[in-house]
Every structure is written in structure tokens, then in C-alpha cells.
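Please open the structure in your viewer and keep the sequence panel beside it. The tour below moves from one selection to the next and says what is there.

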Amino acid sequence: MLKATGIGVGAGIGIGTGVTGLATPAGAAGAPLVHPGLLHTRADLDRMAAKVKAGARPYTAGFAKLTANRHAQSGWRANPQAVVYRGSGTPENYGILYNDVHAAYQNALRFHVSGEEAYADTAVAILNAWSGKLTRLEGSADRFLAAGLYGYQFANAAELVRDHGDFDLGRARELMLHVFHPLSDDFLSRHNNAVLTNYWPNWDLTAIACVLATGILCDERAVVERAVEYFKHGDGMGSVRHAIPVVHADGLGEWVEAGRDQGHALLGVGLMGTVCEMAWNQGIDLYGYDDSRFLKGAQYVAKWSLGGDVPYTANTRKKGAIGGWSGAETAARAARADPGMTRPIWAMIANHYTKRRGLPASYVTRAAAKAAPEGGGGDYGPNSGGFDQLGFGTLAFTRDRVEGAVGGPSPSAGPTSGGWRGAGGVRAQASASPVGGEDLAATGSGDAAGWAAAAGIGAVAGGLLLLRRRDRGRGQRAGE
């Protein structure tokens, strides 16, 4: 069983270990998993296609970034490897994997927007090639990063073509369950045989993203719950209260990795947002968990990255191997930030909090506007850091504001008739049945069922979300 870690807050932060019991995520047990339901739902894909077809901005600008990317071309050919290596002292070839995975994702996304099946066929060919050849990930400790990053990305690409007639979904699931997921799950359990605080939050967050994506793609509810519970209560520095250990009176939540450097802090915010979005699309609200703690951390990093001054509480973390070497490292202040540095992470976060929830998120919104239109892998340099996020948030996550209510989870899986299609207009497959289905009598929310039906979510989820919003009060100003 996972254990929770406590962090004491004061003049300095002591990172120690405590134990609490873990519970099944509210609203998750027994509900069918949503497909497509990783970073994009059917409603998301339909929205992108309709907006681009109508010539609506900023969707057209986001789509232009996608179509201009060399990875998003139907002529891309995969170069699968039996063994992928990442880390010093190894014959590194992991760049081949991340380039191919991004090509698969971009072609799949382009298909759903345009309806041109050549792009779906290319994505399928890339994914099938890798699932038919890749057997293991090797290297230094960096192999855990490869598993986490390219695992969650592979799953997202696969989710977009899971119903394509030529796609080998079974083999893709086997690849996730037997190559990517075991390394990520093992890292969350044993942290490469290191003390818990040896690794900064990003290491945990890559693993959480991979575990969650595996659970969704493979319809493994217990694997989904494992990721969700680690996000909430996990021992390592990537759980939300460890990554954001201090919340100040102004609503900014210190991102602990700001004491390391800006690039890794941006990576962490992007990864946590990815985890929150994938969970949200399964009816699990991690965005709002612990009074929207993630928003407070994202606001902090956005303000700092835009050139603003932010507080930082000095903290010392233990380092070393269990039964081996030991040491410590103190971060005394936030590192220097370059306002010119950006990554395609902000549109997803800004749109969730301001459009779905109606909350202010001034710094995140400014960062999103500055980064727009967001590109993806291949637009942010040739090295691995430019491929850590799938990107294209301006196209994928721009949405209209939901007036008067918190947005809810997407419709659950359960195809009706029709088969394979893209949102651009080729053959149809729909997802109809809502998440949840209990009676709302216990919630005391008379208007929840009607609102939930309009939003396309289950009555229980609608009632809980309306009550949560009511309890917080409409005047809340999170993160200003």
C-alpha cells in the first residue's frame, strides 16, 4: 500500500514521512472508463473539427501550427527499435522513440480535425510498428523518465486511433502493460532504491502520468486508482502537497522545483496538468483537489516565469541510496527565470480553471496568451526537453466558458452504432452513457440532475460538482 508523506511548513521545510490510509477516489469505483478519454474526449475532438471548419480563431492558428510541424505529415515512416536506451553510459537511441511517438500523436490529431484518413493510417502504422518490436527500456535512472514520458504519450496517440480497423489495440495494451508501465509503477514504489526525496517532483509526475494513461487505455480501473491515490497521498515529491508544499496568503503555491531551475518547473506544471486533464476526462477531479492546490502552484510558476517576484521557503531534501551513500541539498530561493522561456503547457490549465470553473487565473492566463498559438513536439528545439509535452493546446483546449456551473466529466465509454470516424466527418462512433447513475436524493441539489444532463455528465457527478462550487462560494478568487 502507498503511504502518505507529511511536510512541515515554517521558516524552513522539513521533508519527512508519515502514514495515512488511502481511499478509493470518489466517483471512480464501478464507473465505466471513457473512450476516447485521455487528453481528448469525443466532445473535444468534435469541437476542434467544427471550429477549424468554421474558420474560428484561435483554433485555426492552432491547427496551422499542427499542420506546419514536420511530424504531422502522412509521409512519416516509423523506425522501431527492439531496445530503447536513455541515460549516460548507454548507446542512447531514445530520440527515435519520442520523434515517432509525437509523429503518431500529431497525425492522429490531424486526422480527427481534418477527417483525412491518410493521417490516421500513418499514426496506426507508427504505433503498430513499435508495439510489434519494442521489448524493453534500458539505461541509467533516466530509463524511468523514458518510460513515464513516452509511455503516457504513446497511450495518448493510441487512444486517438483505438477504433481504427487496422490498429492492433491488444498489442498496444501489451506494450503499455509490460514495457512502459512496470518501470513507472516500480519507480513510484521504490524510487530506484533511493531515499524518497532524492528525486525532484518531475520524476514522480512522469511515472504518475504513465500509470494513469496505462490504466485508461487498458481499461484497468485499479491502475487508474493507483495513479490518483499517489497524486493525492504518495510518498515522493511528485504528489501534490510535496510538489506544492507551501500556500501563501496571496493564494500562490510554491512550486518546490522552482528552487532547481525554470525548465524543470515548467515540465512539472505541464505534467501535473496532463495528469489532472486525463483524470478529469474519467470523472475524477484532481484539478480541484485540496482547494485547487494545483492552480495555486501553476499561478506561482506562471508569475515567476513572466518575470515576477515570488517567495520561496528554504528547504533541505535528503539525497542518496538506501543502504548506500547519503547527502543533502538545500534550495534557498527560487532560481532565476527567463521570461522568454516557454513550453506548450498553459492553454490546457488556463481553459480548465477560467472556462470550465469560472475561476480567475490571471498569471496562467497571461502565460497562455504569451505562448499562443501553442505548438508541439519539434517546435521547441530538437532535444528531449522540447518533446516532454504533446502540446497544441491552443487547438485542443480552447473552449467556451461554462456559465453558472463547474464543468463536469465527459460522457463515459459505450459506443452506439457506426464504427470508426474522425471528428472531421468520416464514419461515426459515439459515446453516449453518462458517468454515474445513482439517485441524487442524498445530495440535496435539486437542480443538479438537469444541469448534469445538459453538460453531458452523470447526475451524481453533477450534484457533487454543484455542491462543491456552492460551498466554495461564487466570490472565491483562487490564486490571485
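**Stops along the chain**

Begin by selecting Asp400, which counts as exposed at 53% relative accessibility (exposed means over 50% relative accessible area, buried under 20%, and partly exposed in between, with a 1.4 Å probe and protein chains only). This is a predicted model, in which local features need pLDDT of at least 70 and side-chain atom pairs count only at pLDDT 80 or more, while totals for chains, interfaces and linings use all residues. Residues are numbered from 1 along each chain as its sequence is written, and side-chain values use heavy atoms, with hydrogens and water left out.

Lys51 belongs to helix H1 (residues 42–53) and Asp400 to the loop between helix H14 (393–397) and helix H15 (448–455), so the pair ties together parts 349 residues apart in sequence. Helices (H or I, at least four residues) and strands (E, at least two) are DSSP runs, numbered from the N terminus.

Select Arg317 and Glu329 next, where a salt bridge of 2.6 Å, N to O, joins the two side chains. Because Arg317 lies in strand E5 (residues 315–320) and Glu329 in strand E6 (residues 326–331), this pair ties together parts 12 residues apart in sequence. Arg317 is buried at 3% relative accessibility, whereas Glu329 is partly exposed at 29%.

A further selection is Glu159, Arg162, Arg173 and Asp219, which are linked in a network of salt bridges.

Then move to the largest nonpolar core, which has 127 residues (a set of buried Ala, Val, Leu, Ile, Met, Phe, Trp, Tyr and Cys residues joined through side-chain atoms within 4.5 Å). Helix H5 (residues 142–160) gives the most to this core, with 12 residues. Centre on Met272, one of the residues with the most contacts inside the core; among the residues that Met272 touches are Leu205, Phe231, Trp255 and Phe294 (contact means heavy atoms within 4.5 Å).

Finally, colour by pLDDT, the predictor's confidence in each residue from 0 to 100, which has a mean of 83 over the chain. Over residues 1–28 the pLDDT is below 50, and it stays under 50 over residues 423–480.

Definitions and conventions
A salt bridge is a side-chain nitrogen of Lys or Arg within 4 Å of a carboxyl oxygen of Asp or Glu. Lists of a residue's contacts leave out its neighbours within four places in sequence.
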